Amino acid sequence: MKVNVYMAIMSHLSDAQHFIDDSTESGDMARQRINLAKMILSEYQDDITQYVDTNELDELWKVCQDKFGKPKC
């Protein structure tokens with residue numbers, strides 16, 4: 001059986017989120033960073049080997065915080 005690499009990565013990141021205790025500051029930050037990683041993968045899934053300006057990633061971080069809430073720490 002073959003699976004799409006993008007979907008496999010997203011699935012494993014989602015699975016990892018279920019093991020995080022987000023009632024703690026570090027757990028909440030880990031959850032947010034996984035959300036950001038998933039957003040980056042979604043945004044650049046056509047070519048994840050490309051280079052992007054860090055300002056673009058900063059903007060994605062802001063979108064992530066707006067969508068999922070700011071980290072507790």
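## Two helices side by side

Helix α1 (residues 5-17) packs against helix α2 (residues 25-43) at an angle of about 170°, and their axes lie 10 Å apart. The axes here are lines fitted to C-alpha atoms over the stretch in contact, with angles running from 0 to 180 degrees between N-to-C directions. Angles over 145 degrees count as roughly antiparallel, so that's what α1 and α2 are to each other. Helices themselves are DSSP runs of H or I, at least four residues, numbered from the N terminus.

Who does the touching (heavy atoms within 4.5 Å)? On α1, the contact residues are Y6, I9, M10, L13, S14, A16 and Q17, while α2 brings R31, I34, N35, A37, K38, L41 and S42. They divide into eight nonpolar, four polar and two charged.

## About the model

This is a predicted model, where local features need pLDDT of at least 70 and side-chain atom pairs count only at pLDDT 80 or more, though totals for chains, interfaces and linings use all residues. Residues are numbered from 1 along each chain as its sequence is written, and side-chain values use heavy atoms, leaving out hydrogens and water.

## Salt bridges

How many salt bridges are there (a side-chain nitrogen of Lys or Arg within 4 Å of a carboxyl oxygen of Asp or Glu)? The count is two. In one, R31 pairs with D28, with the closest N and O atoms 2.5 Å apart. These two sit three residues apart in helix α2, about one helical turn, and both are buried (under 20% relative accessible area).

K62 and E59 also form a salt bridge, 3.4 Å from N to O. Both belong to helix α3 (residues 54-68), again about one turn apart.

Methods:
Angles under 35 degrees count as roughly parallel, over 145 as roughly antiparallel, 65 to 115 as roughly perpendicular and the rest as oblique. Contact means heavy atoms within 4.5 Å. Ala, Val, Leu, Ile, Met, Phe, Trp, Tyr, Cys and Pro count as nonpolar, Asp, Glu, Lys and Arg as charged, and the others, Gly among them, as polar. Buried means under 20% relative accessible area, exposed over 50%, partly exposed in between (1.4 Å probe, protein chains only).
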